[in-house]
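Dear colleague,

Please find the structure for your review directly below. My notes on what was found in it follow.

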Amino acid sequence: MSETATLKIWRGHDKAAGHWETHEVPFEAGQSVLDGLRWIRVHKDPTLAIRFSCINANACKECMMELDGETVYACTARLEPRAMTLEPLSNKKLVRDLVTEIAPPAERFAAKDR
Amino acid sequence: MRVETDVLVIGSGAAGMYAAIEAARAGCRVFLIDRSLIGRGGATVMAQMTVAVALGAETPDHWSHHYQDTLTAGRGLCDEPLARLLCEAGPACINQLDAWGIGWARKDGHIAQAFAPGHDRPRCVYVDFLNTGPAVSKTLRGVINKTAGISRAGDLCVVDLATSHGEVTGAVAWHVGSGAPVTISAKATIVATGGLTRLYRRNSASANMGGDGYALALRANAPLIDMEFVQFFPIGHLAPRLIGMDPIMWDPFRYKLGGRLLNNKMEEFTDRYGVAEDGKYVITRDVGTYAILKEVEAGRGSPHGGAYLSFQHCSAEALREAFGPVIDRLAANGIDLMKMPIEVAPIAHYHMGGVAADVRMQTEVPGLLVAGEAVGGANGANRLSGNAITEALVFGQRAGITAAERVKAMRASAPADGHATLDLLRQDAPKNPPNTAEMVQSLQATMADDVGPLRTGAKLERALTRIGEFDAALGERPFGGKQAFDLSRLEWLDLRNMLTVARTVTQAALQRTESRGAHQREDFPGMVADWSVNQVVRRKGNRLDIAPARAAEMAAS
Ligand SMILES: Cc1cc2nc3c(=O)[nH]c(=O)nc-3n(C[C@H](O)[C@H](O)[C@H](O)COP(=O)(O)OP(=O)(O)OC[C@H]3O[C@@H](n4cnc5c(N)ncnc54)[C@H](O)[C@@H]3O)c2cc1C
Ligand code: FES
């Protein structure tokens, strides 16, 4: 079986000046979108920025992003053998690539601490 | 950037959050930081079920019974004062969380306590359904929000502790969110960074558990203890592949419903390894891990290389009552427990070893305290189910109290001098560096294959050679850049710690020429009386010195 998932990923530091990258990921049933992104980091490009901690427990709630325009947890969204478009959350401040600032203001490193 | 505080708490799991609350209540300014987001990045938020504590709510109990069980499970190696503290101070912390509104599961008006392997009576409190860790985390985070004096910041990864004149004076962190280095001066620093499970290919915890705290402490000249004892959780989920479920999810099912562990001939097999289960959940983690791996080795493993776990004898009603919505999540993954067994296999789960500390959580280095899973010794060669959360709460509380005492007793404090670390972070990456994500994966494979639960001298030697090769590939200059969320740079810093910690585990395992608890040497089967000692790891320049030493014992009374 050589099915692939085609992940079209938004990359950049600035919402106004990003670009798209497309990666083919070997597809296996029972994988999550996060598994696919982690595969890309190991096999293609370790500079791809994603935020995650618990990997597949859906406990940390850190891996939020937009899949085909809808907000999902990347670790619970199923990887599928088709084209899938991934973007950072549009309603949060961009940090880099698929990572946005999702912490409550009181739990961020900010001017008050400096 | 510079920050100044009374108490710096590194890590916001149960241990770090409890420590922060305690120090702030004693009047200190506290800076609580985490490499991930506050209260979300560690093992605490992932725990599902058991918190062992002699409350006596279910059946009469006393901390001394819990203490006896802990020592027995530890196979003669527990640091007795630490183990006693865990058991004796546990009930007060659990009641405190109850008062803070955690919502421990209740039965007939009292807090419910479930039976777990290795305990002599039902002793584990929990929050339904599979919600213990999230509830602990949320409750402590809520209290922190309401406690004056605690600043919090996520995305701050500590790279090194700062020392001057033999004392720890704070730390240097890398702000993952911006790529900026941050120097933090503190009168007391508490390392509450959790365990090291990320060293292994199959592991139950989060991406942040690379053993940072052990490496930080070692570089600051604080000794580590019991590093060879990595706990594997016997029944980690193996197949079929599941989405959105914790790999250790079957533990709570076994607490509540028993379940049967079967080999590929569909026979129960744990009796061959000295523990007849008979549909009940009584096997301790070290024996369970050994039994499953030996069955696989004998050609009786399940198709993916583990054992079957079956709940086919349970009724739909019993399953639904015990697990409510979880049954639907399983159904969404195509799993009907009434119709099929699932496959399980051992998975790296917890670290018994850690930074050596006394009952005040003071390490050998003034200014440096530890708390939670980062502390070594309380659980000896094997940890009982449910002791880790209790340990995190109790040790966190103690560390907070001790830190506040130090702050009050101090007149002047030295600013943190982090120049060596700042120099490191200022460096540019070498040309064409290797892929850090791939390096992490290769290291995990080495550790899983050669430093897993079943060990031999030859495998451990091979692992040390590989670790040396990884060290050379990593070099002295961080990869990646100085921008926001540069994971190559973060992973370079992680590998620097992971390789140090991998070396301590492997070398300590090579030196211990016997089998005990979680450390099984196939070339040295059986426990040896002479090895009823702990091993202490110290840094001597660029070398590790690992020597036998007995952990503290209780004075006979
Ligand atoms: C899936 C799972 C289930 C479990 N179930 C149970 C159970 O039912 N009962 C039980 O008793 N125990 C259980 N355990 C074990 C228990 O959860 C842990 O031992 C305990 O929560 C550890 O708490 P802690 O506060 O010491 O560390 P953690 O909760 O692991 O927190 C450590 C924090 O430190 C941060 N950190 C690490 N390095 C750095 C750094 N360099 N800079 C800044 N921050 C850093 C991490 O991001 C993390 O947030 C389970 C563990 C797992 C993984
Ligand atoms: S990685 Fe933790 S919720 Fe997705």
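The largest share of the shell around ligand 1 comes from α10(B), which gives 4 residues. Helices (H or I, at least four residues) and strands (E, at least two) are DSSP runs, numbered from the N terminus. Please note that this is a predicted model, in which local features need pLDDT of at least 70 and side-chain atom pairs count only at pLDDT 80 or more, while totals for chains, interfaces and linings use all residues. Residues are numbered from 1 along each chain as its sequence is written, chains are lettered from A and ligands numbered from 1 in the order in which they are written, and side-chain values use heavy atoms, with hydrogens and water left out.

**Ligand 1**

Around ligand 1 there are 41 residues, of which D34(B), T44(B), T50(B), D212(B) and E373(B) come nearest; a residue is near a molecule if one of its heavy atoms lies within 4 Å of it. By class, this shell has 18 nonpolar, 17 polar and 6 charged residues. Here Ala, Val, Leu, Ile, Met, Phe, Trp, Tyr, Cys and Pro count as nonpolar, Asp, Glu, Lys and Arg as charged, and the others, Gly among them, as polar.

Polar contacts are pairs of N or O atoms within 3.5 Å. A polar backbone atom of A43(B) lies 2.8 Å from an oxygen atom of ligand 1, and a polar backbone atom of G42(B) lies 3.3 Å from an oxygen atom of the ligand. D212(B) places a polar side-chain atom 2.8 Å from a nitrogen atom of ligand 1. The protein buries 99% of the 1,000 Å² that ligand 1 exposes when taken alone (accessible areas come from the Shrake-Rupley method with a 1.4 Å probe). Two or more residues of the shell come from each of α1 (14-25), β8, β15 (342-351) and α10 (387-409) of chain B.

**Pocket and cavity**

On a 1 Å grid over the protein atoms alone, a cavity is a set of points where a 1.4 Å probe fits but cannot get out, and a pocket is an open set with protein on both sides within 12 Å along at least five of seven lines; lining residues have an atom within 4 Å of a point. Grid points are joined across faces, edges and corners, and a volume is the space filled by probe spheres set on the points.

The second largest pocket holds about 1,000 Å³ of space. Its lining comprises 31 residues, with R219(B), R496(B), T500(B), R539(B) and N542(B) nearest its centre. α14(B) gives the largest share of this lining, 7 residues. The lining divides into 13 nonpolar, 9 polar and 9 charged residues.

There are 4 cavities of 30 Å³ or more. The second largest cavity has a volume of about 80 Å³, and 13 residues line it, with D286(B), T289(B), P453(B), G517(B) and A518(B) closest to its centre. α7(B) gives the most to this lining, 4 residues.

**Strands and backbone**

In chain A, strands β1 (residues 4-11) and β2 (residues 19-26) run antiparallel and are joined by 8 bridges; two strands pair if DSSP finds at least two bridges between them. β1(A) also runs parallel to β5 (residues 83-87) of chain A, with 4 bridges.

A cis peptide bond joins A239(B) and P240(B), with omega about -5 degrees, and P240(B) lies in the loop between β12 and α6 (250-257) of chain B.

Kind regards

Key. A polar contact is a pair of N or O atoms within 3.5 Å; within protein, one must be able to donate a hydrogen and the other to accept it, and residues adjacent in sequence count only if both atoms are side-chain atoms.
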